[in-house]
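Good morning, and thank you for making the time.

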4 protein chains.
Amino acid sequence: MAQRRVGLWLIGACGGVASTTALGLSALARGHTPTTGMVTALPQFRGHDFDEPAAFVLGGHDIRKGNFVTAARELHERANVFDERTLAACAGDLETWSANLRPGVVYRPNAAITALADRGDMRRANTAREAIDAIQGDLKAFKAANKLDQVVVVNAASTEPPFEATDEQKSLELLVPALDRPAPAALPTSGVYAFAAIDAGLPYVNMTPSRGATLPALEELARKRGVPHAGQDLKTGETLIKSVLAPMFARRNLRVLSWVGHNILGNRDGQVLNDPDNKVSKVKSKDLLLAELLGYKPQSHVSIEYIESLDDWKTAWDHIHFEGFLGTKMMMQFTWQGCDSLLAAPLVIDLVRLAALAQRRGESGPMPHTACFFKSPVGVTEHDFGKQFQMLEDYLVGIK
Amino acid sequence: MAQRRVGLWLIGACGGVASTTALGLSALARGHTPTTGMVTALPQFRGHDFDEPAAFVLGGHDIRKGNFVTAARELHERANVFDERTLAACAGDLETWSANLRPGVVYRPNAAITALADRGDMRRANTAREAIDAIQGDLKAFKAANKLDQVVVVNAASTEPPFEATDEQKSLELLVPALDRPAPAALPTSGVYAFAAIDAGLPYVNMTPSRGATLPALEELARKRGVPHAGQDLKTGETLIKSVLAPMFARRNLRVLSWVGHNILGNRDGQVLNDPDNKVSKVKSKDLLLAELLGYKPQSHVSIEYIESLDDWKTAWDHIHFEGFLGTKMMMQFTWQGCDSLLAAPLVIDLVRLAALAQRRGESGPMPHTACFFKSPVGVTEHDFGKQFQMLEDYLVGIK
Amino acid sequence: MAQRRVGLWLIGACGGVASTTALGLSALARGHTPTTGMVTALPQFRGHDFDEPAAFVLGGHDIRKGNFVTAARELHERANVFDERTLAACAGDLETWSANLRPGVVYRPNAAITALADRGDMRRANTAREAIDAIQGDLKAFKAANKLDQVVVVNAASTEPPFEATDEQKSLELLVPALDRPAPAALPTSGVYAFAAIDAGLPYVNMTPSRGATLPALEELARKRGVPHAGQDLKTGETLIKSVLAPMFARRNLRVLSWVGHNILGNRDGQVLNDPDNKVSKVKSKDLLLAELLGYKPQSHVSIEYIESLDDWKTAWDHIHFEGFLGTKMMMQFTWQGCDSLLAAPLVIDLVRLAALAQRRGESGPMPHTACFFKSPVGVTEHDFGKQFQMLEDYLVGIK
Amino acid sequence: MAQRRVGLWLIGACGGVASTTALGLSALARGHTPTTGMVTALPQFRGHDFDEPAAFVLGGHDIRKGNFVTAARELHERANVFDERTLAACAGDLETWSANLRPGVVYRPNAAITALADRGDMRRANTAREAIDAIQGDLKAFKAANKLDQVVVVNAASTEPPFEATDEQKSLELLVPALDRPAPAALPTSGVYAFAAIDAGLPYVNMTPSRGATLPALEELARKRGVPHAGQDLKTGETLIKSVLAPMFARRNLRVLSWVGHNILGNRDGQVLNDPDNKVSKVKSKDLLLAELLGYKPQSHVSIEYIESLDDWKTAWDHIHFEGFLGTKMMMQFTWQGCDSLLAAPLVIDLVRLAALAQRRGESGPMPHTACFFKSPVGVTEHDFGKQFQMLEDYLVGIK
């Protein structure tokens, strides 16, 4: 039997996470790197029908110039994160995959994000429908040209500002006719891409805080088309730590008085988040879980600042002020110095594997067993990382 | 029906933890303080037959001068941890309970610990048996004089050096005759007190790293006498954090390269631990759980240093160096600034409540559901705090 | 010869710094506390004609209810910073001095500051002149009633928003007639108080970032009246550290790429600074010295957030990213956990002593030798703490 | 006039500092890197007759296999500190200089250091005199073969244990005859190399805590031969910070109660320091300056631990506990994450330039103006970095 071939389509293909994912898949397939950082490679998950690194073919959209090779090299030059030998060994794969890249489709541009757009051949759509058609054309061509058994679409693009869902966005019936309307926009950019993927029957993973497939009308579409999807906002650093520390304070009945988290970073994500509108999504996503984990709302403050020199090295300082027995106030502080793209990329591979597996198993809708990957897991209220991880273990044990 | 009266007998009654426990129980009974820091007071555990604060009568042994009042005041003067009004309101209770204090019995003294002994009326025993008899005499008198329904004995004394169990200490049959021998000592001091308590049918809780009831012969005795016991070494700070962070690294497949933990503190515990022999117990207890939580042994280093000015404020710095995807090295650091006695005292109350409940339910032997309280839980290999806490929840749900 | 009697008039007398200054002067006079934290008490400055603690009589203005006793007690209850015995021993002095307190005069109110005003007997002035007259009346009455040889006025009130000096504020000749005009206001509140003090011949010390006597017209007035004055914005924590670390990076030719400083605090200062307008003054004052110390402007970010639970305990985290030889990026981080009022109060006493001494020596205008006390020293461009301190040593050696 | 040619002879030529120095000098000469990290390149020191990077020719001794090329590459592979393009551009120079390397001469081996020795052609000497002769032979051959105007010898070898100077080591007259004696050893290895250099009229710089030229007999020799020398123990990280922070606490009259410094690192220096005997030198050197800077001795603790994964990235955590006004205890903490070799190498170049300059100016003996470079500056008791730097500025201004 021929090996399965799985397409991984990255929206935001020239970003740090996407290019690291590409480099990583090539390095794994060539045996140049161990599986460190990949959850699906843990010993307890051995024996599952996860796609091997060599099974993947990559492609994607971007509104910026460049390709997997230049993006990986640029990230390395700024943040000094890769090994020269790995870069050299994998350059061929990255070049091959770069041929699958397509210019982004611009429909309802966000100022902070489009400030980054420098690709001359971007396509402008007058309606959401036009954008969806163009995107689906790219996805179908990718699948056909590469003889792929499955294609998983991943949103790795910059963060959009938050918004309240409109009535249309809450009902597929109302949404569909609105897609043909030039203005106001029926869907944000992330929604347009998510619609295109799901409507084409392709699993969709949203690693950003953008709404993507979380709009009720899109969730409805996913159920209707029988498509699994997962999101939103990867939990890779400060929030991951929060999701293990906060339950500890709760279980010891130590009262958190205040929790302050300051994040500084200098990559493109940080640049977009420097725009106050776009930042709101992220801060909200990082902040909301405290009250759910503690059972009350302590004073909290989360900041994200763009500090250019840090590049991809996200650095966070958290100060937790808590009250113990007899009212005594105590403190815990932590700093986190992690490389954002390197933390996210293996999780992208994990989620693509899990989404492809779910599709083969005929599952549709949100994938609650992926809650441990996200700051705002779709359809799951549990934020305790330990319990979320148990959900993943239970799911995988159940299908073994 | 008259309220139950429960005795709490503290070995090391003039230490910070014991005096804070006394002050806390009085303050709780008088409604001067909330139950912050007490696990048994969590909302999910409401409705259980835990003894109310007002049910407790306190007593104890110490080899140092002083009583609950002077010890609490001294701790406050050094570490500035209490509220003057609480101290004033509770002084009467502490004085009443101080009348139950008895001089320690010295049998096999440890140099670092006896350097602290300044009580003129300490009793010296020539054999373990003599010491056990004297201790049991005190315990029985305490119970009778105060008309107590139950008495729980808690080891809150200074840490002893570690040692390998002898053949005698592994078999009750061999141990019993050896108790009458002047030398070599059949049991360390902590073992003598544990034997006295368990042999008298009293539940025993060991909050220190000393061996106490963990010697096989004493475990045998506990089964034989039908006595529940719990230990060892309360998990209150740095190790508690380790037990939630290490599983997170493991689950994300992030490879911990090294984990360094430096602890500084200035209380009596720190003074005794400054003795290299005594320190070994603590360091060992703090270090062993990493390998079990991670599945491999990273390089690790734990230090404890006595820094007088910190008094009861234990301060820890941990540096965790880990490898992520594609071999990239990243760092997490945390500092913990907690007040040791205030962190430990509510857990002492929790454990006494759980031990008294277990005795009433006819349980005997180690109490595995208390694993989440200890660095080295007797009879339990699970070190993941989340899973240990689940064991407590399951136990309490099961008996509701 | 009778001992000199020196009045210390505190604007913002019910704040944390003022009440700590009062408590400290009383405790020093009564021998209850050593001179720790006081620069003028350093061994190298012995033998100078500094006023003894017992020489001081305190008074002041505030727009909030309360007095030195209630303010000191309130600070202690929130932040747990004093010793009960000191509070008790000094209560009498604080009560005596509280009789000298007068309601604030409101002329050009700032929203964030007046939100704190709760004193019913505040006097409203229609013009700056009316306000100045009322303030001078209080100052003269204080001096006469207490038979004082000198009175030093200290601005310890909340921080005002920054502003550009008007033409009037740059010329005494233009300013004086404008004082009689109801609107627009000729001077901000801090300027009104500074004018009143200096015009009355009293030395003026500005420990806040408010403009106070730094307006050119007021500097002119000080020269004309022969009055010494000092300011502005006490350097007590994060900025103090900056002023010793930045010169080190400069001297080692290590290139600072970015310097991020996050400050959290929960006292009234923090509350007022939570207002974005008022915060600007402080952030600006904390930020500007980097470029002067380094010789270039690295990316920098300073935040101040009001975190209620911290009360007077200002906590700062600074992250310094720097480039070394061969372009290698390195990091230094520090956290500062200091009690704001306790850090500021001894410096207030120092500055009052230095201002009274300068007046007795017939000096007038800014006191450049006090640069080491301030974030934005008037008339001095040197920000290196070591060099600033040398200026103080040179001054004091010179007059010995 | 032909350009001066200056030899730089590195004892410990295959270590991280030596190979970084070599790479740096080549990169500077080729214009591949700016002068960041070099004190002698500061704007205020422009115009002095410092040797240009292109003037240097390198050579050295080592007891380990390898050369400048392999050592630089190995450091990069472990610690990821260089730029591939710089490594490639400079490889030719490093190879050329590697031809000047000579096997170390072993006379009185230290166990921890010789454990690292793996070079087959090391020469064993039976007496100090034999060793000195062999070393001088190498130095003279280096000078002659490369037509060098001057040669500066730098001790960049591993740290030796501390010891008390013998009577012989205190008097040149007693020392000289003892050099011919097989045992006991008249000089430690660092002393043998220092003697060889100074006796041959070559300036000597000691960047380690080993005794080197600090023995009185060797200082005597330096005066006699008219040779300048400098040392000891470069101040590059934690101690550098101490030397700017401690004066700040002193000047503000804030009483340091305790100062704890924990250092972790994983390079060869760390490996040698892991040996308790060798560690003592370093800890002593790092600790002694506190008492001199503060005027009293607070409780202090310094640890250095070998943590392999950190390689050249020395990480330090310092906890400073201090008392402010009215006895309030406060805290400052800092962490330092610096790359040891990259911090030290530019200072090596600075010191070689300063030593060569001093020799041309006819100076001899210790170079007190280099105090700001060292933890234990020879002949200088000033430890305040700001004042030490002033000494350098005064010296250079004076000779301009």
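This is a predicted model: local features need pLDDT of at least 70, side-chain atom pairs count only at pLDDT 80 or more; totals for chains, interfaces and linings use all residues.

**Backbone, helix packing and chain contacts**

C:Asp311 is found in the loop between β10 (299–306) and β11 (313–323) of chain C. Residues are numbered from 1 along each chain as its sequence is written, while chains are lettered from A and ligands numbered from 1 in the order in which they are written.

To return to C:Asp311, this residue has a positive phi of about 50° although it is not a glycine. C:Asp311 is also buried, with 23 other C-beta atoms within 10 Å. By buried I mean that 20 or more other C-beta atoms lie within 10 Å of the residue's own; 12 or fewer would be exposed, and anything in between partly exposed, with C-beta atoms placed from the backbone.

In chain D, D:Leu326 has a positive phi of about 60° and is not a glycine. D:Leu326 sits in the loop between β11 (313–323) and β12 (329–339) of chain D, and is buried, with 24 other C-beta atoms within 10 Å.

There are cis peptide bonds to note as well. One joins A:Gly231 and A:Gln232, with omega about -5°; A:Gln232 belongs to the loop between β8 and α9 (238–251) of chain A. Another joins D:Gly231 and D:Gln232, again with omega about -5°, and D:Gln232 lies in the loop between β8 (228–231) and α9 (238–251) of chain D.

Let me turn to helix packing. Two packed helices are described by the angle between their axes and the distance between the axes. In chain A, helix α5 (residues 128–145) and helix α7 (residues 189–199) pack at an angle of about 50°, their axes 9 Å apart. That makes α5(A) oblique to α7(A). Axes are lines fitted to C-alpha atoms, for helices over the stretch in contact, and angles run from 0 to 180 degrees between N-to-C directions. Angles under 35 degrees count as roughly parallel, over 145 as roughly antiparallel, 65 to 115 as roughly perpendicular, and the rest as oblique.

Which residues of α5(A) and α7(A) meet? From α5(A) they are A:Ala128, A:Ala131, A:Ile132, A:Ile135, A:Gln136 and A:Leu139, and from α7(A) they are A:Val192, A:Tyr193, A:Phe195, A:Ala196, A:Ala197 and A:Asp199. The residues of this contact divide into ten nonpolar, one polar and one charged. Here Ala, Val, Leu, Ile, Met, Phe, Trp, Tyr, Cys and Pro count as nonpolar, Asp, Glu, Lys and Arg as charged, and the others, Gly among them, as polar. Contact means that the C-beta atoms of two residues, placed from the backbone, lie within 7 Å.

Is α7(A) mostly covered or mostly open? It is mostly covered, with ten of its eleven residues buried. Those buried residues pack against β1 (6–11), α5, β6 (150–155), β7 (204–206), α8 (216–225) and β8 (228–231) of chain A. Just after α7(A), A:Gly201 takes a positive phi of about 80°.

Finally, the chain contacts. A rotation of 180° with 0.0 Å of shift along its axis superposes chain B on chain A, at an RMSD of 0.0 Å. Copies are superposed by least squares on the C-alpha atoms of residues with pLDDT of at least 70 in both. Of the residues of chain B, B:Phe334 comes closest to the rotation axis, at 2.0 Å for its C-alpha.

The contact takes 47 residues from chain B and 47 from chain A. On the chain B side, β12(B) gives the largest share, ten residues. By class, that side has 27 nonpolar, 15 polar and five charged residues.

Chains A and C meet through 20 residues of chain A and 19 residues of chain C. On the chain A side, the largest share, five residues, comes from β9(A), and the residues divide into six nonpolar, eleven polar and three charged. Chain A can be laid on chain C by a turn of 180° and a shift of 0.0 Å along the axis, with an RMSD of 0.0 Å. The two copies are thus related as by a two-fold rotation axis.

Notes:
Helices (H or I, at least four residues) and strands (E, at least two) are DSSP runs, numbered from the N terminus.
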